Amino acid sequence: MKLLSGLKNRNPPEEFPLLPLRELILFPHTMLPVFITYKSGIAAVEEALKRDHRLFAVCLKGPIEAGETYTAGTVVRMVQHLKLPDNTFRVVLQGEYRANMTGVQKFNTHELVRIEPIGSVSSGEPPNPELAALVRTVQKSFVQYAEFSKKISTETLSAVEKIEDPERLGNLIAHALAVKAERKIEFLRIPGAAERLEAILETLEMENEIFGIQKNINGKVKSRMEKTQREYILHEQLKEINKELGKNEGADEFAELERSLEERHPPEEVLLKARKEITRLRKLQPLSPEAGVLRGYLEWISDLPWGEFSVDSGDLREAEKILNEDHFGMHKAKERILEFIAVRSLTSFPGEGSPGNSRIRGPILCFVGPPGTGKTSLGKSVARALGRAFVRISLGGVRDEAEIRGHRKTYVGALPGKILQSMRKAGTTNPVFLLDEIDKLSSDFRGDPASALLEVLDPEQNGAFTDHYLEVPYDLSKVLFITTANSLYPIPYPLLDRMEIIEIPGYGEGEKLAIAQQFLVPKELEENGLGQAKIGFKDEAIRKIIRHWTMESGVRGLEREIARCVRRIARGAVEKGYGKTPERSVNSFKKTIGPGDLEKLLGRKKYKHDVVFKEARIGVSYGLAWTETGGTMLPVETTKFEGTGEVFITGNLGDVMKESARIALSYLRSAQGRYKFTVADVGKTDFHIHVPEGAIPKDGPSAGITLAASLLSTLCGVPPKPGIAMTGELTLTGRILPIGGLKEKLLAAVRNGMERVLIPADNRDEWAELDKDLRGSMPVDFVETADEALGLLFEKGIQRKPRLKPGAPKLPPGQKPKAKRIAGLKPVEVKTGRTGAAPAPPH
């Protein structure tokens, strides 16, 4: 080690070797030991040793390899240096003055920089009063910083308190502050001593404030920990005192918990399990995590209803009255509920109202129908009619099996599934439990909720339903489960097989009118503050709203439009001064809404009729389709041109509907001898079949007869009779099979002003069950074969007269020739489809 003291630079050189330092910033009047281990630093030290032992030290912005440095730095002198065996250096640097780089000259191993000093050298004279006050303030703030930081040495603190020179004070404090390099570079760049002290003071005050906040937070945390520890110690001491006094508080707590469980009258298996967990809980520390889990588990068992029940109402007339008060129509659903009440009354022991004394289990009903038909609200009415508690959970979007069965209690934050959560909310073992939107269930990697519901909705299994959290069987057999769905097709068949399906079809115009006048209008008037006013809607006004402002099977849209009308009327009443004075109270407001008022209240019409031409057109026939929102017209257009016998099908049709089009053409080609085709060779003619509104997907077999009618019209050049709609699946041999969604399709025909409808003969029984108003709204023809349907659709001029064989007797008009019976063969009845079953996807 060589000591290089006494060297003075009377005429400093214009160039200094550049010494880049990693995360180190040296200030004047400070000393710092540094290890130089990188090539550029070693070369700079060696160059300085050849000169006057001076370097220009700057801080690196990034890695050494990048070589990017700040421009501001400090001219330093190597007070000591030691070359180590690995050719690295250990040097002690002393800062002399601050400077900025003005130029760089690069060499092979090192760089020389030109500099320009920053500020002035200390004169040693005492500062003015203002600067002296600033010096004292900075010193005081630094002392407070040192107390908070606990990292400032005693020597540094003592030196700061003694220094009066602003430049030296700023250098020493800036060097000692534990702040980011960017902030220290700012201290280097500020030229004036007063300005630099102000910046340092601002930093000191901010750091002191942060230290104060940290100290406050640490104090709160420490106090909280001490409080918890103190509570634990006091609790343990209290336990020991109670033991000495012959009392046992813990035992009393556990005894109370066990007593509350016994009062619930759970099954013996559940009681044994609970007692076992209580025994485990006695051995655990009260504040241990496992004790909290067990306590929560036992509370869940004690909160669930085990023996509580509500007594069912056995008054059929009262139940029927409640159901009719709340809902219009829905005869099948109401009849099923009344049957349940009647059977429940007969199967209970005399003089006992307990559901436990009934020999039947709760049914599992599934209400299926379009949106807005009142399925969910019907569940509430069922609970009111039975006198039971009502709970509801929505299954729309549920994709985790644990939502149904819960999580095992070993998981953090575990809870029972929604089934048991709802049972605790109901407070009885026999509520009406509504599982809403069961067709909207999903599944993913976490499991399939539909599969978890198999146990819940199976009357043979739900008497011992096991939740993952509870781990003991729970009896759900007395619950009346009601599910709702818009369509049956998304529901897995094993789940569907466990439910009793009750279809709730869409409402006709007459039914919507009755619902609006009896339920919707009074409800909206009451909700909008006009319940006491004399306001009425004419029937024609309601019908016009139904036809031109709604397009639905339910009544939600109708309710919204009526609410819009009522709100506009309420605004007009307020603007006229009603409700402000007793003389002009709401009771005196009168208004009757007619068809002519609607466009002023609701704006322009939203909906028009479907695409139906009033005049007959060649190649255009009208089918009927079912959708989840109701029925609609399905026009079919066909044109022909020369080609190779191909069939082009457009309109966003599914595979089943495309097959129906090919079946229709094949049937007509096989029946060519019975009709007067204008096409000489069908095999050299191409056909283009189009179903309008191509943006809407369409599929299903029930358009078969409609496609055949459109093709026959094109082949014969004769338009079908106007005003006739049709539906039915066509087979290759000309039979017409039954269809689904009959009511919705007939409503669409009525809404679009059709004069007659052709439907399959096998749907006759379903038609007979429809409302009398709908059955009487238009003539209906039941057809069994395509020839019958086509004979009603077209004039007789398109059919050829059958040729009689020579000598064959002529039959009277309307009589068909008898078929010959072949010995040994018996007629076979072929069943196709499910009459009255739920309709297929939109077709």
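# Reading a predicted fold: sheet, helices, salt bridges and surface

Modeller: Start with two strands. β17 (residues 620–627) and β21 (residues 724–726) pair in the parallel sense, over two bridges. Keep in mind that this is a predicted model.

Biologist: Which residue of β21 stands opposite G623?

Modeller: That is M726.

Biologist: What is the order of the strands in the sheet?

Modeller: Read it as a list of neighbours. Here the order is β19-β20-β18-β17-β21-β24-β25. That makes seven strands in an open sheet, and the pairing is mixed.

Biologist: Which are the edge strands?

Modeller: Look for a strand that pairs on one side only. Here they are β19 (647–650) and β25 (780–783). From one strand to the next, the twist averages 25°.

Biologist: Which helix lies across β18, β19 and β20?

Modeller: Helix α21, residues 655–670. Angles here run from 0 to 180 degrees between N-to-C directions. Helix α21 runs at about 145° to β19.

Biologist: And which helix lies across β21, β24 and β25?

Modeller: Helix α26, residues 786–793. Its angle to β25 is about 150°.

Biologist: Now charges. How many salt bridges does a search of the whole structure find?

Modeller: It finds 37. The cut-off is 4 Å, from a side-chain nitrogen of Lys or Arg to a carboxyl oxygen of Asp or Glu. Take R54 and E96: their side chains meet at 2.5 Å, N to O. The two residues are 42 apart in the chain, with R54 in strand β4 (residues 54–59) and E96 in strand β6 (residues 89–106).

Biologist: Is R54 buried or exposed?

Modeller: Buried means under 20% relative accessible area. R54 has 6% relative accessibility, so R54 counts as buried. E96 has a relative accessible area of 23%, so E96 is partly exposed.

Biologist: What is the N to O distance between R405 and E401?

Modeller: It is 2.8 Å, in another salt bridge. R405 counts as buried because its relative accessibility is 18%. E401 sits at 22%, so E401 counts as partly exposed.

Biologist: Which residue forms a salt bridge with D787?

Modeller: R674 does, and the closest N and O atoms are 3.3 Å apart. This pair links distant parts of the chain: D787 is in helix α26, and R674 is in the loop between α21 and β20, 113 residues apart. D787 counts as partly exposed at 29% relative accessibility. R674 counts as partly exposed at 39%.

Biologist: Which residues are linked in a network of salt bridges?

Modeller: K273, E277, R280, E290, K409 and E471.

Biologist: Which residues make the nonpolar surface patch of about 370 Å²?

Modeller: I213, I217, V221 and M225. M225 is placed in helix α6, residues 193–244. Exposed means over 50% relative accessible area. M225 has 56%, so M225 counts as exposed.

Biologist: Let us step back. How many helices and strands are in the protein chain?

Modeller: There are 26 helices and 25 strands. The chain has 843 residues, and buried ones make up 45% of them.

Biologist: What share of contacts joins residues at least 24 apart?

Modeller: The share is 73%, among contacts between residues at least 6 apart in sequence.

Notes: Residues numbered from 1 in each chain as written. Predicted model: local features only at pLDDT ≥ 70, side-chain atom pairs only at ≥ 80, totals over all residues. Heavy atoms only, no water. Pairing = 2+ DSSP bridges. Helix = DSSP H or I, 4+ residues; strand = E, 2+ residues; numbered from the N terminus. Contact = heavy atoms within 4.5 Å. Buried < 20%, exposed > 50% of the residue type's maximum accessible area, 1.4 Å probe, protein only. Patch = residues over 30% accessible without salt bridge, like charges linked within 9 Å, V, L, I, M, F, W, Y side chains within 5 Å. Areas by Shrake-Rupley, 256 points an atom, 1.4 Å probe, with all protein chains shown as cover.
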